[in-house]
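Please open the model in a viewer and keep the sequence panel at hand.

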Protein chains: 2
Amino acid sequence: MLVFVLASASHAGPVPPKVERPRDIVVAAPANAWRSIPPDNLLLLDLADGRRIVIELAQDFTPKHVANLKALVRAKWFDHGHIMRVQDNYVAQWAGPHDAAGLPSGVVANPPPEFDRPVGGLDARFTNWRDGYAAKVGYAEGWPIGGDGASAWLTHCYGTVGVGRGGPTDNGSGVELYAVIGQAPRQIDRNIAIVGRVVEGMPFLATLPRGSGQSGMYQDGDPHIPIQRMAIASDLPAEEQPHFDVMKSGSSAFSAYLHAWALGHYGVIGQPAGGADVCNAAVPIRRHPAS
Amino acid sequence: MLVFVLASASHAGPVPPKVERPRDIVVAAPANAWRSIPPDNLLLLDLADGRRIVIELAQDFTPKHVANLKALVRAKWFDHGHIMRVQDNYVAQWAGPHDAAGLPSGVVANPPPEFDRPVGGLDARFTNWRDGYAAKVGYAEGWPIGGDGASAWLTHCYGTVGVGRGGPTDNGSGVELYAVIGQAPRQIDRNIAIVGRVVEGMPFLATLPRGSGQSGMYQDGDPHIPIQRMAIASDLPAEEQPHFDVMKSGSSAFSAYLHAWALGHYGVIGQPAGGADVCNAAVPIRRHPAS
């Protein structure tokens, strides 16, 4: 079997100096290259068949939307809800079983826009990679970002979780959530509030049956995929809480990782591009070794 | 239900002039904006459960690899083969049931590299979008390309089909094929020969169960997904041949489509980015209205 693991030097020209494979850098990264995700920033989406998707909340970027979502989750808004839409190469979207008009107390129907924030105060770095959507791209606090020097915003990448929204003056309360399951839909950056990203369980969302209706809406006759509940990890007994680490944006290991993405030659890559895409060079995230 | 279809103007500032939604431009495109895919450039991958994936071959870009693949298919190389690897957010890979050492007559074990070609002679256009991997990106003959002004190469996007390869001097005969099922792995552009792209059936590949082994290799105990056959459409009886159209890169409709991708404001997009990604602004492909 030919797997993409063997060294290659089939291109003409001198062989450039060896640059490590990104995943080898991740494996070797020291403990201080990682930050833990606080349990009250971890959201669990449990499907009725036992599958679990774990989401880190984007507390540093969209705090008002995150607070709203936490209030919804603690009011059991999503319990016994369902996956409502799966559009190939775009998003899986889900909702609770309730009428969105009857929001729980403490939940704001229309939070203020949170599409960008000042880059100051963040552990941020920008790359020199050219990007089709933002003047600069980089990483902050372990999240992929676009930016213009002064401000930063989260980018829609594989696994990004955002809030569905409706009409012109509606920013989305969080009663419907989607996760990106295909090519990064960067055109909705700064147009929809991102509240998190999947840190475990993406295959469960990415392999959901596509809906037969327009935009992948599930129709009568399509599979019905029930949600058991959503919960915040810190509300679970301590022994049931999962723990995850995210590679720090300012760490030396992350510098080496980005360098390897742009300039590494290993496996079948004999001709590195010299740049990369902020959604392709994904931030390393691992289940905490002790959990 | 909140779906992403309603007009939005929640951002501050004057409302820019209306630009159409890309998909509306596709629906309205005239007949002369489309080219048909010749049946001898259409490859069928039939799974044993009746699902069919249809692939357009990249005849204009990698003719030697395409010829090799056609010879393999006509020798029934892939019949009764299997999906061997599905790695989340990367590729699904398949192979025939045979030992790769025993190639059918007419199949070359190691075709010459076909990583780029002169842009001259192609119906090509470059965009002004900035890209992390290539000096320029654009489209040629209805395919997404990277380029440097003189040469052009196919880019790895969602649905791209390429040939697995092994050691340093091996360019891949085509005995193993993969399709991209996640974020565009542009780092392998110009490192692996692209032989085609899926034009129908991506949901079947994208929802395949992920393998439990390293790099998504299927292991004992993982689902076994048999392939019935691969065939070239022109070898089927005329009435069984599917027909597809691809939007021409030089058409006015395609110009309008790209303009809408970069500058359109519609639905939830009140703040267009002014650029796009060559894999995100996917070339419109449709089943021919009469097939």
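Which side chains meet in a salt bridge at 2.9 Å, N to O? Select Arg229(A) and Asp46(A): their side chains form that salt bridge, with the stated distance running from N to O. Arg229(A) belongs to strand S14 (residues 227–232) of chain A and Asp46(A) to strand S2 (residues 42–47) of chain A, so the pair ties together parts that are 183 residues apart in sequence. The model is a predicted one, and this applies to every stop that follows.

**Around Asp46(A)**

**From helix H2 to a loop**

Next, select Arg74(A) and Asp235(A), whose side chains meet in a salt bridge of 2.8 Å, N to O. Arg74(A) is located in helix H2 (residues 63–74) of chain A, while Asp235(A) is located in the loop between S14 and strand S15 (244–247) of chain A; the pair therefore ties together parts that are 161 residues apart in sequence. Arg74(A) is partly exposed, with 45% relative accessibility, and Asp235(A) is partly exposed with a relative accessible area of 45%.

**A network of charges**

Now select Arg35(A), Glu56(A) and Arg197(A), which a network of salt bridges links together. Over all chains, the structure holds 22 salt bridges.

**The interface of chains A and B**

Display both chains and select the residues in contact. From chain B, 67 residues are in contact with 67 residues of chain A. The size of an interface is often given as the accessible area lost when the parts come together. Between chain B and chain A the buried area is about 5,700 Å², with carbon and sulfur atoms giving 53% of it.

How many salt bridges are counted between chain B and chain A? The count is zero. Polar contacts between chain B and chain A, however, number 30 residue pairs, both residues being at pLDDT 80 or more.

To see which elements take part, select strand S4 (82–86), strand S5 (91–95), strand S12 (176–180) and helix H3 (202–206) of chain B; each supplies at least two residues of the side of chain B that touches chain A. H3(B) gives the most to that side, with three residues. Sorted by class, the side of chain B that touches chain A comprises 33 nonpolar, 21 polar and 13 charged residues.

**Aromatic pairs**

The last stop concerns rings, of which eight aromatic pairs are counted over all chains. Select Phe254(B) and Tyr257(B): their ring centres are 5.8 Å apart and their planes stand at 20 degrees, so the pair is stacked. Both residues lie in helix H4 (residues 252–263) of chain B, three residues apart, about one turn of the helix. Phe254(B) is buried, with a relative accessible area of 1%, and Tyr257(B) is buried as well, at 7%.

Finally, move to chain A and select Trp129(A), Tyr139(A), Phe254(A) and Tyr257(A), which ring pairs link into a cluster.

Notes:
Residues are numbered from 1 along each chain as its sequence is written. Chains are lettered from A and ligands numbered from 1 in the order in which they are written. This is a predicted model: local features need pLDDT of at least 70, side-chain atom pairs count only at pLDDT 80 or more; totals for chains, interfaces and linings use all residues. Side-chain values use heavy atoms; hydrogens and water are left out. A salt bridge is a side-chain nitrogen of Lys or Arg within 4 Å of a carboxyl oxygen of Asp or Glu. Helices (H or I, at least four residues) and strands (E, at least two) are DSSP runs, numbered from the N terminus. Buried means under 20% relative accessible area, exposed over 50%, partly exposed in between (1.4 Å probe, protein chains only). Contact means heavy atoms within 4.5 Å. Buried area is the accessible area (1.4 Å probe) that two parts lose on being put together, summed over both. A polar contact is a pair of N or O atoms within 3.5 Å; within protein, one must be able to donate a hydrogen and the other to accept it, and residues adjacent in sequence count only if both atoms are side-chain atoms. Ala, Val, Leu, Ile, Met, Phe, Trp, Tyr, Cys and Pro count as nonpolar, Asp, Glu, Lys and Arg as charged, and the others, Gly among them, as polar. Rings of Phe, Tyr and Trp (its six-membered ring) pair if their centres lie within 6.5 Å; planes under 30 degrees apart count as stacked, over 60 as edge-to-face and the rest as tilted.
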